[in-house]
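Work through the exercises below with the model open. Each task is followed by its solution.

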Amino acid sequence: MLEQAQRVLKDIFGYDSFRGRQGAIIECVAKGGDALVLMPTGGGKSLCFQVPALLRPGLAVVVSPLIALMEDQVATLDELGVAAASLNSTLSAEQQRELAGRIRRGEVKMLYLAPERLVQQRMLDFLRTLDIALFAIDEAHCVSQWGHDFRPEYLQLGQLAELFPHVPRIALTATADMRTREEIVTRLHLQNAERFLSSFDRPNIFYRIVPKEQPRKQLLAFLGERRGNAGIVYCLSRKKVDDVAAYLCDQGFPALPYHAGLPAETRASNQRRFLNEEGLIMVATIAFGMGIDKPNVRFVAHLDLPKSLEAYYQETGRAGRDGLPADAWMAYGLQDMVMLKQMLQNSEGDERHKRIEQHKLDAMLALCEETRCRRQILLNYFDEELPQPCGHCDNCIDGVQTWDATEPARQALSAVYRTGQRYGVGHLVDVLLGRDNEKVRSFGHEKLAVYGVGKARSESEWRSLFRQLVARGLADIDLEGYGGLRLSDSCRPLLRGEVSLELRRDLKPQTTSKGSSSGGSPASQLVRGDEREQWEALRALRRKLAEEHGVPPYVIFPDSTLLEMLRSQPSSLSEMAQVSGVGARKLERYGEAFLEVLGGAAEAPPQVTDLRHELTSLARAGMTPAQIAGQLNCSEKNVYSMLAEAIGRHQLSLEQALDLPEDLLAEVQDAFLDGEGELPPVSAIAEQFGSRVPEGVLYCVRAALAAEFEM
């Protein structure tokens, strides 16, 4: 069985060998056994059910929670020559009938369904008339009522065990702690399933957490080293998502917003663009995440603290699914704790549930203030031991300086106590620094013994100290008292002088090693300078083929396959067949074209193709011609000329290219349409508008009208 599986792996998927537990899982399911698979994002979960599906007779049914995820996998399988289809709400009744006919005739090998569709009686009756190869339940953690991805329809999937007793079932997830695993087993009736628990470690991800100082500037410094790479920036609120996306566009980064408050079509369009285009940044709330199969997300940045280590692991895990270097970067501050604690207090749920959530938040804070290897702490949370520090996180690379904070901590706690345990950090720092302002005087706090005792330290040092006191549970945030600090019982031994306290020293950006504290890391650059031109030529060809086939670029080949082509330089189809990720179908379809680029005979100059593609991406992201000119380092005149060309080729709409007032646009259009016959040249009407309308705008409007007439 394993021999056959390896043949399928090589011939169809283009890989030489299975990774980790894949081989054992595939053998188990192909032989008819049930399996529970816990594998980290990017670990190759899809192959665990796709290969057995191709080895077993009949139709494989895959349960997936999101249409975007289904369509993505169907497109990928289609490119590999596997007959796959998804049955979802986007299909008309006629299309659904046609698909049912194809399934009955045995023309479909893999069918993707949403859980709510599968559990409908009509659907179950239909499936019972067919020969079913297996059921794969993807994102199985959605069955857990504890998780934020809970989907009630998943609870009904347990009936598959009774209705199809001889059909193997495989449940897969990337994030499930012990309790969630037991819940999956119980609710999906997988008591007899073999369990395959892979390591949670994602060794290609570099973790860095920095204290918030000027978060937007810190984010810009981080992104500056990663221009042209795709990434996700997570924020807590919808408003912040909109503001940060607009800010990044203003700063020359193509960014799109995504949150539950946007119209469904905008969300769908932004998600589609993120998957299909290269180098876009998605600024999002946690509404964006599950089912994002894009393998070349090079970074995930958090501008706010996630509420648990599960959420942090899941969100950072969307980076580097192709196994290439990726970054997980986060800036966090005391205000994040205040906001999350308030959200927790105001949330629904009983006290027990809130207590569990509070423990999860405490574990998240502990990771931020940790002085040891971050990966060891993260894996330890998931009951996995990493014997040695990883050497691939900020604490390991930079080293962590600690200092004896016993006396300053007592002064800080004393300031909390003597001011009445009701003030926020800003006011407490003012008191410790001896600042003479109205608020301090109005409360008489300039008369306190602690007034001015902390002048030897800077404001940022005091803020860091208060943040760490809260993270260690020595002080607490009084939510009923509008976020003021109060003492915790656990601070008494420190105040009585019975214990000492070591805290981490926040490094200033210029003193960190390995790049800036904003996040220099090995993931900043995938290719060397001398490889850049050929790398961009390979990407340009991939993009062209993707547009022709109507699929995301990574469906043609992921970055890891392109990188192997670049490094191994195959010069024949037989050598190309040895590149990981090049199966028989793709070799036949694309092998010659990529060999041509590697041989140096690319059709179009790649840098020009790339410049034009980047220009359309930036325009679609809402950037003005002036901003695009700054980003691409060329003249505005050049930008207008390329915009007009893109409009003429129907690659951009006029609205995407320009932001003109409606009445002025109408006036310009009328000027072109005044005469009879052909559109006049720009020079014939330019005088009419003088300095009111740049000449480049006129070229764009004329191109849009000409494109309309062609149609």
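A crossing is left-handed if the near helix is turned anticlockwise from the far one by less than a right angle, and right-handed if clockwise. Helices (H or I, at least four residues) are DSSP runs, numbered from the N terminus. The model is predicted: local features need pLDDT of at least 70, side-chain atom pairs count only at pLDDT 80 or more, and totals for chains, interfaces and linings use all residues. Residues are numbered from 1 along each chain as its sequence is written, and side-chain values use heavy atoms, with hydrogens and water left out.

**Exercise 1**

Describe how helix 14 packs on helix 15.

*Solution.* 
1. Take the geometry. Helix 14 (residues 334-346) and helix 15 (residues 351-368) pack at about 165 degrees, and their axes are 10 Å apart. Axes are lines fitted to C-alpha atoms, for helices over the stretch in contact; angles run from 0 to 180 degrees between N-to-C directions.
2. Classify the angle. Helix 14 is therefore roughly antiparallel to helix 15 (angles over 145 degrees count as such).
3. Assign the hand. The crossing of helix 14 with helix 15 is right-handed.
4. List the contacts (heavy atoms within 4.5 Å). From helix 14, M337, L340, K341, L344 and Q345 meet K354, E357, Q358, L361 and L365 of helix 15.
5. Sort by class. This contact has 5 nonpolar, 2 polar and 3 charged residues. Ala, Val, Leu, Ile, Met, Phe, Trp, Tyr, Cys and Pro count as nonpolar, Asp, Glu, Lys and Arg as charged, and the others, Gly among them, as polar.

**Exercise 2**

*Solution.* 
1. Helix 23 and helix 25 make a right-handed crossing.
2. Helix 23 brings Q534, W535, L538, R539 and R542 against D559, L562, L563 and L566 of helix 25.
3. The classes in this contact are 5 nonpolar, 1 polar and 3 charged.

**Exercise 3**

Which residues does Q376 contact, leaving aside its neighbours within four places in sequence?

*Solution.* 
1. Locate Q376: helix 16 (residues 374-381) holds this residue.
2. Beyond those neighbours, Q376 is in contact with L386, P387, Q388 and P389.
3. Q376 and D201 are 175 residues apart in sequence, yet 9.3 Å apart in space, C-alpha to C-alpha.

Notes
Helices (H or I, at least four residues) and strands (E, at least two) are DSSP runs, numbered from the N terminus. Angles under 35 degrees count as roughly parallel, over 145 as roughly antiparallel, 65 to 115 as roughly perpendicular and the rest as oblique.
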